[in-house]
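Subject: A model for you to look at

Hi there,

Please open it and read along.

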Amino acid sequence: SPPPQQTRSPPPPPIRSPPHKQTCSPPLTSPPSGITKPPPAKFASSNARKPTPVNSTTESRKGLPNSVHRWGVEEVGVWLKQLAPEFYASYFPTFSKHDITGAALLRLKESSLQTMGIAPYGARRQLAKEVFKLVLHQEALDLEQMMLSSVAWKPGGE
């Protein structure tokens with residue numbers, strides 16, 4: 001005898017969720033009223049034992065020759081003093097002993113500072129960061145000078 005035929009019921013209708021209301025606030029384009037962003041501080045650290053140098057590389061170079069490559073040991077000392085007087089008092093004798101000129105300063109890394117005897121990790125890290133900012137600033141000046149030189153250069157020596 002033939003097997004009984006199975007009848008299939010139609011699939012259930014798709015479940016539809018109710019319309020969704022937006023519950024998220026639109027993105028903020030400005031701080032909520034009453035909240036203001038604090039102005040950038042010249043010294044960001046509240047810890048008096050750990051000086052935080054000025055934010056702007058240009059600001060920390062007032063009165064110094066434009067090219068760091070031409071700085072002598074004394075100009076490096078002026079840079080340290082402008083960065084943070086505590087850095088000058090604590091570390092200029094070490095920089096002077098190791099004859100750190102501007103060209104040498106641009107090559108300093110955190111490990112070099114440790115080898116020189118700058119023991120506090122925070123100071124070493126901050127000095128390395130400031131040197132790195134100085135390197136970037138100097139490279140931008142060098143690049144700008146190269147661009148200006150290439151514009152003035154004409155093929156064929158004309």
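Below are the notes on the fold, the aromatic rings, the charges and the surface.

First, some ground rules. The model is predicted, so local features need pLDDT of at least 70 and side-chain atom pairs count only at pLDDT 80 or more, while totals for chains, interfaces and linings use all residues. Residues are numbered from 1 along each chain as its sequence is written, and side-chain values use heavy atoms, with hydrogens and water left out.

**Fold and burial**

The secondary structure comes to five helices and zero strands, where helices (H or I, at least four residues) and strands (E, at least two) are DSSP runs numbered from the N terminus. Along the sequence this reads α-α-α-α-α. The protein has 158 residues, of which 27% count as buried; buried means under 20% relative accessible area, exposed over 50%, and partly exposed in between, with a 1.4 Å probe and protein chains only.

Helix α1 spans residues 73–83, and its buried residues are V73, V76, G77, W79, L80 and L83. Viewed down the axis of α1, the buried residues fall within an arc of 160°, so they line one face of the helix. That arc is taken from the directions from the helix axis to the C-beta atoms.

How many aromatic pairs does a search of the whole structure find? The search gives two. In the pair F87 and Y91, the ring centres are 5.9 Å apart and the planes stand at 50°, so this pair is tilted. The rule covers rings of Phe, Tyr and Trp (its six-membered ring) with centres within 6.5 Å; planes under 30 degrees apart are stacked, over 60 edge-to-face, and the rest tilted. F87 and Y91 are both in helix α2 (residues 85–97), four residues apart, or about one turn of the helix. Both are buried: F87 has a relative accessible area of 2% and Y91 has 11%.

Y88 and F92 make a stacked pair, at 5.0 Å centre to centre with 15° between the planes. These two are also four residues apart in helix α2, so about one helical turn separates them. F92 is buried at 10% relative accessible area, whereas Y88 is partly exposed at 25%. Y88 has a further contact: the charged end of K81 sits over its ring, 4.4 Å from the centre. For this, NZ of Lys or CZ of Arg must be within 6 Å of the ring centre and within 35 degrees of the ring normal.

**Salt bridges**

The count of salt bridges is two, each being a side-chain nitrogen of Lys or Arg within 4 Å of a carboxyl oxygen of Asp or Glu. E110 pairs with R125, with 3.1 Å between the closest N and O atoms. R125 is partly exposed, at 46% relative accessibility.

K133 pairs with E130, the closest N and O atoms being 3.3 Å apart. K133 and E130 lie three residues apart in helix α5, about one turn. Here E130 is buried, at 4% relative accessible area, and K133 is partly exposed, at 22%.

**Surface**

L143, M146 and M147 form a nonpolar surface patch with about 330 Å² of accessible area together. Patches are made of residues with over 30% relative accessible area and no salt bridge, with like charges joined within 9 Å and nonpolar side chains (Val, Leu, Ile, Met, Phe, Trp, Tyr) within 5 Å. The areas come from the Shrake-Rupley method with a 1.4 Å probe; for residues, only the protein chains shown count as cover. M147 belongs to helix α5 (residues 121–152).

Best wishes
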